[in-house]
Amino acid sequence: MTSQQQQVGGVDSHKDSIHIAVITSVGQPVADQEFPTTVTGYRRAVAWLIEHGPVRAVGVEGTSSYGVGITTELLTAGIAVVEVNRTRPAEKRRQGKTDPLDAYRAARSVLSGEATTDPKSPTIEPLRALTIARRSAVKAQQAARRQINALLVNAVPALRDRYRDLPDAELLAALRNCRPEQLHHSDTADTMFALRALARRHRILHEEIQDLEQRLLHRTTRTNPALMAIKGVGPAVGAQLLITAGDNPDRLRTSASFAALCGTAPIPVSSGKTSRHRLCRGGDRQANAALHHIVKVRMSYDPRTRAYRDTHLAKGWTNKAVFRALKRAVAREVFHALAGHIAAPDYSDLRPARQAKNLTLTQAAEHLGVWPARIGELELGRRPNEDLAHRYRSWLNAA
């Protein structure tokens, strides 16, 4: 059977079931059937699909959510999978919506060439799990801190005045170590007990966030060390960019498509005599926030970024316009790292060179103006920094 005769499949995925449809190479319906979202159900679905003849590709809705199980099973069986968008509202109004209809639409979108995107690799899911856990821990920690402030505002004046002017770190430490049982007034004791519980919860969440960030740093650096070497990219930002793009770079075609995915690509809105662009408000907003964070970090620590800002502000640009242009440039840089166009930095020469000259981490840190731990992390490749590595090598060569 030739490739022209090969059939195309479509999958409409849900939490408890998936519906699979098969069409011919000219778009005629062949069959459709529903299967449960279990290991056995996925295997039966793939076997049922193969029974109807050679399959060119299968379009799956939600390859990174409800469709991740059938996507993995199809890829294991050697069947090409294409990611398909959800049914558009206009089509629902015109033709209705059922599971079989959605499955056939998924298959026809692959056949017509409308859907062409490869699915994300399933290996990105552990990174997504760590990111979700960290994000919820950060929100809970922020909520605990706000609740401490609220309780202190409503506390009795003597209690409020005792902790009013303390810096955050000292305030939390004092509340963690307080002893409500020694207070004679029961109302004050109960308030202090609540404050101590919130302060201890804040500390526990802080340690949890640190543990999650260490695992994120290890996984992101192992997955794409070139991405982690970009200035302003930390474990949380790098993880989010990898989740958005997927850790299989072949699915990314151009930097413009990645910028559109992150909501940083300008959209043409020309009409008649008007020719202009507007800001894209779509895309992955978490990825957009990650790019925004990179630009903010560079505004603080990168002289070239500050010079770019000052130059364009002098030309009449607004801060928003400068940030938009910088985010588009950062998206281009991130794309090249994700697509493997940038070589991963190699710092394996730094520690032997320092030890050969009998220099300590403290001496190197004092000369470079950073903490000794920062130099140690750089030598081990845990926190890449090309500017610091260049200054470090120059100092080692001159020492």
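I began with aspartate 168, which forms a salt bridge with arginine 145, and I noted that the closest N and O atoms are 2.7 Å apart. Aspartate 168 lies in helix 7 (residues 168-176) and arginine 145 in helix 5, so the pair ties together parts that are 23 residues apart in sequence. I keep in mind that this is a predicted model.

I then looked up how open the two partners are: aspartate 168 is partly exposed at 47% relative accessibility, whereas arginine 145 is buried, because its relative accessible area of 14% falls under the 20% limit.

Next I counted the salt bridges in the structure and found 14. One of them joins glutamate 213 to arginine 134, with 3.0 Å between the closest N and O atoms; here glutamate 213 sits in helix 8 (residues 186-223) and arginine 134 in helix 5 (residues 125-153), 79 residues apart.

I also followed glutamate 379 to its salt bridge with arginine 351, where the closest N and O atoms are 2.8 Å apart. This pair connects helix 17 (residues 372-380), which holds glutamate 379, with helix 15 (residues 350-356), which holds arginine 351. Glutamate 379 is buried at 7% relative accessible area, while arginine 351 is partly exposed at 28%, and I found Arg351, Arg354 and Glu379 linked in a network of salt bridges.

Turning to the strands, I saw that strand 2 (residues 17-23) and strand 3 (residues 29-36) run antiparallel and are joined by seven bridges, and that alanine 21 has aspartate 32 in strand 3 as its bridge partner. In their hairpin, with five residues between the strands, glycine 27 takes a positive phi near 90°.

Technical notes:
Residues are numbered from 1 along each chain as its sequence is written. This is a predicted model: local features need pLDDT of at least 70, side-chain atom pairs count only at pLDDT 80 or more; totals for chains, interfaces and linings use all residues. Side-chain values use heavy atoms; hydrogens and water are left out. Two strands pair if DSSP finds at least two bridges between them. Helices (H or I, at least four residues) and strands (E, at least two) are DSSP runs, numbered from the N terminus. A salt bridge is a side-chain nitrogen of Lys or Arg within 4 Å of a carboxyl oxygen of Asp or Glu. Buried means under 20% relative accessible area, exposed over 50%, partly exposed in between (1.4 Å probe, protein chains only).
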